[in-house]
2 protein chains.
Amino acid sequence: MRPATYYILASLAGEPLHGYAIAQRAGELSDGAVKITAGTLYGALDRLADQGLVVVDHEEVVNGRNRRYYRITDDGLHAMAEELASMRSAVAVGEAAIGQFKLGTVL
Amino acid sequence: MRPATYYILASLAGEPLHGYAIAQRAGELSDGAVKITAGTLYGALDRLADQGLVVVDHEEVVNGRNRRYYRITDDGLHAMAEELASMRSAVAVGEAAIGQFKLGTVL
DNA sequence: GTCTATACATCGTTAGGCGATATATGGTTG
DNA sequence: CAACCATATATCGCCTAACGATGTATAGAC
């Protein structure tokens, strides 16, 4: 799972959000590091919906603009948890690897 | 950076290795989770070399088979450290998001 | 009146992973 | 001794996903 996809799911773990709000939330969560543009966002949401990781919760019109709210599913939470576990392992491996390298250069 | 690329760098952080050994080491480091096949491996090594994240250290012939050893560069270590930082953040965000979700379902 | 934020849609390009295939050596196993 | 498997690198083509660009539309700010 790519970072954009992961942050979309993470953004939805708190509460259902509409597309545009998801992109903003992802930016906040990552402290500006992850910028999800329209091209990435709607493609990813379609894909995630196809995979059953998110579902459309409801739609509403605010100020003449339509908002389509997405909600994360149980499968979506599981997928996120698995990705989380993979990243934890990768972090541990990377820390050990870099630590070993630094030790190697000193000795 | 995709997992395959990350694990290739991590495999080289300890010591220079030849291609085939990198693939094996990546499998060991990830406890079998990351399987780097030939198609992924040599393409990734070419890319990493183009980007200056690894360099060819030396070559040798063992049992009639050529071994091309790659070494990670300072840039490669920096790239790895950055990826590590990104993943740490992503893990923290994911943990907070899932925690918040579980709390939400209980209340 | 123009600019910016909001909100969704779609196209084309690019990067990267991955299976498949190829080539070659040498040890193992039947 | 033949078939198979591990070692070792190379290359092709497919597919997924990200992403920039572009388009449409509304509404408020300046």
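In the predicted model, B:His18 stands opposite B:Tyr69, a residue of strand S3 of chain B. This pairing belongs to the contact between strand S1 (residues 17-18) of chain B and strand S3 (residues 65-72) of chain B, which run antiparallel and are joined by 2 bridges. B:Tyr69 also stands opposite B:His58, and S3(B) is joined by 8 bridges to strand S2 (residues 54-62) of chain B, again in an antiparallel arrangement. Within S3(B), B:Arg71 is the bridge partner of B:Val55. S2(B) and S3(B) form a hairpin with 2 residues between them, and in this turn B:Asn63 has a positive phi of about 55 degrees.

Taken together, the 3 strands of chain B form an open sheet in the order S1-S3-S2, with antiparallel pairing. S1 and S2 of chain B are the edge strands, each of them pairing on one side only. Helix H1 (residues 3-14) of chain B lies across S1, S2 and S3 of that chain, and the helix runs at about 90 degrees to S3(B).

The strands of chain B can next be considered in relation to the DNA. Of the 20 residues around DNA strand D, those that come nearest are A:Arg2, A:Thr5, A:Arg47, B:Arg67 and B:Arg68. Among the atoms of DNA strand D that come within 4 Å of the protein, sugar and phosphate account for 71%. The most is given by S3(B), with 4 residues. When the residues of the surface near DNA strand D are sorted by class, 3 are nonpolar, 11 are polar and 6 are charged.

Individual contacts with the phosphates of DNA strand D involve both side chains and backbone in chain B. B:His18, the residue that stands opposite B:Tyr69 in the sheet, has a side-chain N or O atom 3.2 Å from a phosphate oxygen of DNA strand D. For B:Tyr20, a polar backbone atom is 2.7 Å from a phosphate oxygen of DNA strand D.

Methods:
Residues are numbered from 1 along each chain as its sequence is written. Chains are lettered from A and ligands numbered from 1 in the order in which they are written. This is a predicted model: local features need pLDDT of at least 70, side-chain atom pairs count only at pLDDT 80 or more; totals for chains, interfaces and linings use all residues. Side-chain values use heavy atoms; hydrogens and water are left out. Two strands pair if DSSP finds at least two bridges between them. Contact means heavy atoms within 4.5 Å. Axes are lines fitted to C-alpha atoms, for helices over the stretch in contact, and angles run from 0 to 180 degrees between N-to-C directions. A residue is near a molecule or strand if one of its heavy atoms lies within 4 Å of it. A polar contact is a pair of N or O atoms within 3.5 Å; within protein, one must be able to donate a hydrogen and the other to accept it, and residues adjacent in sequence count only if both atoms are side-chain atoms. Ala, Val, Leu, Ile, Met, Phe, Trp, Tyr, Cys and Pro count as nonpolar, Asp, Glu, Lys and Arg as charged, and the others, Gly among them, as polar.
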